[in-house]
Amino acid sequence: MRKVLAGLLWDIGLPLVVYYAARILGYDVLSALAAGTGAALLRVAAIAVVQRKLNGLAAFVGGTFALLLVISLLTGDPRILLAKESVLSGAAGLLLLGSCLLSRPLVYAIARKANATKPELLAEWDDRWNTQPTFRKHFTTLTAVFGGVLLADAIIRLVLVYTLPVNTMANLSPFMHVAALGILIGWSLWYRNHRQRAMQPS
């Protein structure tokens, strides 16, 4: 969990610091946003070099950043760069929600991958998946809620991008990240406690 949070802080903090540094140095909003996006893109590339592989998610994020950066610079529209967060959140939300309609929701697949070195646990999970509806419902609920929050964030963010002044939205965007993350963490804690109470004998 600490590693995930540290990664999120880098994802949110690095573009923000670069953006504000560029603004302090006198660059306009488009140039500052482009610098922040470029820094995020370089971080994706650096991680790929260090890990000596570029997974599908990193490739999608990096490709999206690069494409929207080019389009924004060609059109001179900084809102396109601000909309990149909606593209990523929306795609993730749709992917999570769509996986709920398949045989295995995405959160379950991610949890299995995180425990790939524990074959006994995975075998137990396979058995519980096939025999316990409550076990399946647990992972489906997690996936649906996470997907719903990310999709709602994407929609709200996109509306604000094209209704608020660019500079205002650039300042607001990081706080929206924190708010969405806070909602997910708070709900996850509530849901865990709710399940624990439900499993206790009455």
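In the predicted model, Leu 41 is partly exposed, with a relative accessible area of 24%. Leu 41 belongs to helix α2, which covers residues 29–51. When residues up to four places away in sequence are not counted, Leu 41 touches Gly 62, Phe 65 and Ala 66. For Ala 66, 25 residues from Leu 41 along the chain, the separation between the two C-alpha atoms is 7.1 Å.

The secondary structure of the protein chain consists of nine helices and zero strands, giving the pattern α-α-α-α-α-α-α-α-α along the sequence. The chain has 202 residues, of which 33% count as buried. Among contacts between residues at least 6 apart in sequence, 66% join residues at least 24 apart.

Helix α5 spans residues 84–99 and includes Ser 99. The helix has 16 residues, and the distance from its first C-alpha to its last is 23 Å, close to the 22 Å expected at 1.5 Å a residue. The buried residues of α5 are Lys 84, Glu 85, Ser 86, Leu 88, Ser 89, Gly 90, Gly 93, Leu 96 and Ser 99. Ser 99 counts as buried because its relative accessibility is 7%, under the cut-off of 20%. Apart from neighbours within four places in sequence, Ser 99 is in contact with Arg 104, Pro 105, Leu 106 and Thr 143. Two of these residues, Leu 106 and Thr 143, also take part in the contact between helices α6 and α8.

The packing of two helices is described by the angle between their axes and the distance between the axes. For helix α6 (residues 106–114) and α8, the axes come within 7 Å and cross at roughly 105°. The two helices are therefore roughly perpendicular to each other. On the α6 side the contact is made by Leu 106, Val 107, Tyr 108 and Ala 111, and on the α8 side by Phe 135, Phe 139, Leu 142 and Thr 143.

Helix α8 (residues 133–161) also packs against helix α7 (residues 119–131), at an angle of about 100° and with the axes 5 Å apart. This angle makes α7 roughly perpendicular to α8. Trp 125, Arg 128, Trp 129, Asn 130 and Thr 131 of α7 meet Pro 133, Phe 135, Arg 136 and Phe 139 of α8 in this contact.

At 6% relative accessibility, Phe 139 counts as buried. Not counting residues up to four places away in sequence, Phe 139 touches Pro 105, Val 107, Tyr 108, Ala 111 and Trp 129. The C-alpha atoms of Phe 139 and Trp 129 are 9.8 Å apart, and the two residues are separated by ten residues along the chain.

Helix α9 covers residues 166–199 and has 34 residues. From its first C-alpha to its last, α9 reaches 49 Å, close to the 50 Å expected at 1.5 Å a residue. A kink of about 30° is located at Leu 172, shortly before the proline Pro 174. Pro 174 is one of the buried residues of α9, and the others are Val 166, Met 169, Ala 170, Ser 173, Met 176, Ala 180, Leu 184 and Tyr 191.

Notes:
Residues are numbered from 1 along each chain as its sequence is written. This is a predicted model: local features need pLDDT of at least 70, side-chain atom pairs count only at pLDDT 80 or more; totals for chains, interfaces and linings use all residues. Side-chain values use heavy atoms; hydrogens and water are left out. Helices (H or I, at least four residues) and strands (E, at least two) are DSSP runs, numbered from the N terminus. The expected span of a helix is 1.5 Å times one less than its number of residues. The bend at a residue is the angle between axes fitted to the seven residues ending there and the seven starting there. Buried means under 20% relative accessible area, exposed over 50%, partly exposed in between (1.4 Å probe, protein chains only). Contact means heavy atoms within 4.5 Å. Axes are lines fitted to C-alpha atoms, for helices over the stretch in contact, and angles run from 0 to 180 degrees between N-to-C directions. Angles under 35 degrees count as roughly parallel, over 145 as roughly antiparallel, 65 to 115 as roughly perpendicular and the rest as oblique.
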